[in-house]
Each structure stands twice: as structure tokens, then as C-alpha cells.
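Look at the two chains and at the place where they meet. The paragraphs below go through that contact step by step.

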There are 2 protein chains.
Amino acid sequence: MTSNQFFVDRLPAGETKFFLDGDEHFHLARVARAKPGDRIWLTDGRKKRMLTEVVSLEADKTWLLPVRLDEEDLKTELILGLGLTRPATMDMIVGKATELGVAQIFPLMTARSFRLPADKLIARKSRWERIARAALKQSKGAILPVINEAASLESILPDLEAQQKIFLDESSQAYFRDILREARPVSAILLIGPEGGWSRKEREVLTAANYQGLSLGGRILRTETAVVSALTLISHFWNW
Amino acid sequence: MTSNQFFVDRLPAGETKFFLDGDEHFHLARVARAKPGDRIWLTDGRKKRMLTEVVSLEADKTWLLPVRLDEEDLKTELILGLGLTRPATMDMIVGKATELGVAQIFPLMTARSFRLPADKLIARKSRWERIARAALKQSKGAILPVINEAASLESILPDLEAQQKIFLDESSQAYFRDILREARPVSAILLIGPEGGWSRKEREVLTAANYQGLSLGGRILRTETAVVSALTLISHFWNW
């Protein structure tokens, strides 16, 4: 039972007993089979986690007692923009990005990105949100990434603001390690191309928008490996 | 065709035309449908890669001309020991470790590792070797990891030698970043526990054997994510 974490819209204030009803009660009581004395983590997905103890179960509600309130303080707010890849790869990436503490995900339509019709994209967004919730539960994180609607690279660039702007560029002679030793930024955006990479024009657009192209090194990595690698490097040096 | 890489036992010396026959010929001619003028990478899996050009195809052989010989020089020889996980996770890890340039993999039997009978382990080893070959082709690397027979942690510790010895320890207060800034070692061993982690006794054994416990940070990562993260950090700072 110690491995369970549940989502709530709002964590209770104060330290008195409270209850969950509806779906959360159902999941606690029927699916996770919580028993009095079990400890359960709750999160609002917006940085806060609460450790609680199950006091009692009624037919329609589970009573809990707060034990401890944590705030997850990732020091760098990390935004990931990702050229749409094949669906299975995209699913994997959304889960891994959530595990690794990303605050927002922008699915990008780029010259070489995987093509999906608009109605499919809407269904995909719901799917990615479910994957992110499951990944956050599993990783016991408290930050559920906001998943934005898919949009073209050019259309979102003017609205993306962060102290450090990076794009993954296999051909760059600058490496991630070159910037990780610097002081951590308050916010960072990392843009990663789809399986076929960036077009030449996209590289130019990114460079003109003050994005720094960084390489992961000498190997050709699969897209999902490259995402995990780049996010790991940034998180490990800047987030903790 | 530019994405094809083939294994050969020995790369030809010199710069004159040579041929492949047998399976390699079959794959080139029938599966990859090579045509005169196509460029093909060959590797011996032991650091060398050769770019070649297809000259002509006969019924039983493919004639190739050497274009360029590369040597992949990973500066730190990296050995990965991994507590046996669920088969699907282990398969994924072998592929990712190959992509990221590991030289050797030791599947470890530990207190909490996934149990497999001896005959299954032999079949698994062949499977992992196939996965590693496929991953190396895809990543265009030139180092095919040696996959050792599964053995108990205690039995292999006395034989493992490297300049830097690390084990992944979620509870450690020392982070990977603390050692990555130091000069790169010639060789490093990284030991990662199975899904359930190390037992207390195993931690003691590892510490007694001069392994340093390092943490990846504040999140609980899935085993395959943790492996990619730890290998990325080491490779990115030490290998290139």
C-alpha cells in the first residue's frame, strides 16, 4: 500500500481528519483495497503531496488523517517541446518526461513530424494526459505536466519564454555538459525534433529565436533515448 | 540504404575491393536490397567501422570497396552490472545500454532480482545478444557489448576491476554530478539493482568492496529510466 498515490483537486488545509468520496474513494477502497492504518500519498499535481493515514472506510467515503505535507521544489521549470513522433514513441516519451519532472509538454508539428489528423490529435492529448497521470503516480512526483495542444513550431515560438532555450542538435559541436556547469536557470525550454530530425529551415528559425543547439555526443540515439538523456542531464544538474 | 550497418567477423585490411558471402551477402542482397553505388557500414563490434560502397552483386557474393575506416574511441570503458529484472524490462535495458556505448553487461542474481531457471537464463543470453546486435546496427556504434552469463553479485565482485566503481543507491546523499566533474577514469563499473532495489546486506557488501553509492536525485525512476539516466550521465561526461 505504501506505493499508492492518488490525485485530488485540492489538498485539505489544516491537520484534521477529512474524507474522499466519489472516484477517489472507489479507487482507494475497491481497487487499492485500503485498510485502516495504511498510508496513502495524495497529490494535486501542482507541486504538493500529502502523506495520509487511512482512518476508516464507509460505504461512500474513505476517512483520512494528514501525516505530512511536502512541496516538490524543482528548481528549474522545464518545458519540453517535441516534434510529433510515431504514437508508441510519443506515449513512451510522455511517461518518461513526467517521471523526470517536466512542467509542460508541447507536441510540435514540424517539417518531418508524424502526421495525425486534427480529430486524432484531440484523442491523443487525452491519452497523453492519462499516461502522464499514471507516470506521476508511479514516480511519486507532485508535478503533473500540462500537455498543450499540438501546434506548429513557428506558431508557438513567439509565446515560449524561458531563461535558457535549447534545441537538440545532433550536428552541434556544443554539448549539454558545456552549459550544465553554469548556474541553473529559473526556467528552461528544450526542443527535440521528431524521428527524422529538424529541417535546415527549422534550425535557422530556432537559431534566430536564440535557441542554442546542443548535442548529446557521438552516438545516434533513438528519439525516446535522446529525450530521456537530455532531460536527465538538465534535471540532474539543475533540479535538485 | 545509408542507414544500414552489417556485422563482419573481421574487417578487410587495405583499400582494395573485397567481397562478402554467406549470410552477410544474403542480407545485403535480399533483405536490404543493396544496389551498386549504395553505401554500407560494416562493423566488427570491436571498435572498428568501415564505410563501403557496393560495387557489384553476384549470385553468391557482394563486392564492396572500402571508403573510410573509423575507430570508435569511447574514452571510458563502461561495464554495467544489472540485477535481473522482468524480462521485458531487461530486453529494453540491453538495447539502451548498447545504444549508449556500454562495453560489457553482467546480469546479476541478487536478493530481490527476478528469478529465472538456469535453462531459461541460457536462452535469455542469446536473446540479449540478438537485441544488442540490432541496437548497435541502429545506433551505428562500433562496440558490441559482451554479455556475460548471469551470476550472483557476490561471486563476480572479486573479479570486477575498474578505476571507478559505482552503484546506484536511491538513498545516497551523493549525486552523480558530484563525481562527473572529476577527471574521467579509464574504466568504470556501474551496478544497478533490480526493480526491488538492493538489500541492506548487498549495500554493505558493495560499500566494503569500495563501490560508491550515488543517487540520481529526488524522483523515483523506473528501472529502465534509471539505467538510461545513469549511463547517459557517465557517457556524456566521460566518453566524448
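With which residue does Lys96(A) form a salt bridge? The partner is Glu224(B), and the closest N and O atoms are 3.0 Å apart. A salt bridge here is a side-chain nitrogen of Lys or Arg within 4 Å of a carboxyl oxygen of Asp or Glu. Between chain B and chain A the count is 4 salt bridges.

The model is predicted: local features need pLDDT of at least 70, side-chain atom pairs count only at pLDDT 80 or more, and totals for chains, interfaces and linings use all residues. Residues are numbered from 1 along each chain as its sequence is written, chains are lettered from A and ligands numbered from 1 in the order in which they are written, and side-chain values use heavy atoms, without hydrogens and water.

The contact (heavy atoms within 4.5 Å) takes 36 residues from chain A and 36 residues from chain B. The size of an interface is often given as the accessible area lost when the parts come together. Between chain B and chain A, about 3,200 Å² is buried, with 54% of it from carbon and sulfur atoms; this is the accessible area (1.4 Å probe) lost on being put together, summed over both parts.

Helix H7 of chain A and helix H7 of chain B both span residues 223-238; helices are DSSP runs (H or I, at least four residues), numbered from the N terminus. Their axes, lines fitted to C-alpha atoms over the stretch in contact, come within 9 Å and cross at roughly 75°. Angles run from 0 to 180 degrees between N-to-C directions, and 65 to 115 degrees counts as roughly perpendicular. H7(A) and H7(B) are therefore roughly perpendicular to each other.

Definitions and conventions: Helices (H or I, at least four residues) and strands (E, at least two) are DSSP runs, numbered from the N terminus. Angles under 35 degrees count as roughly parallel, over 145 as roughly antiparallel, 65 to 115 as roughly perpendicular and the rest as oblique. Buried area is the accessible area (1.4 Å probe) that two parts lose on being put together, summed over both.
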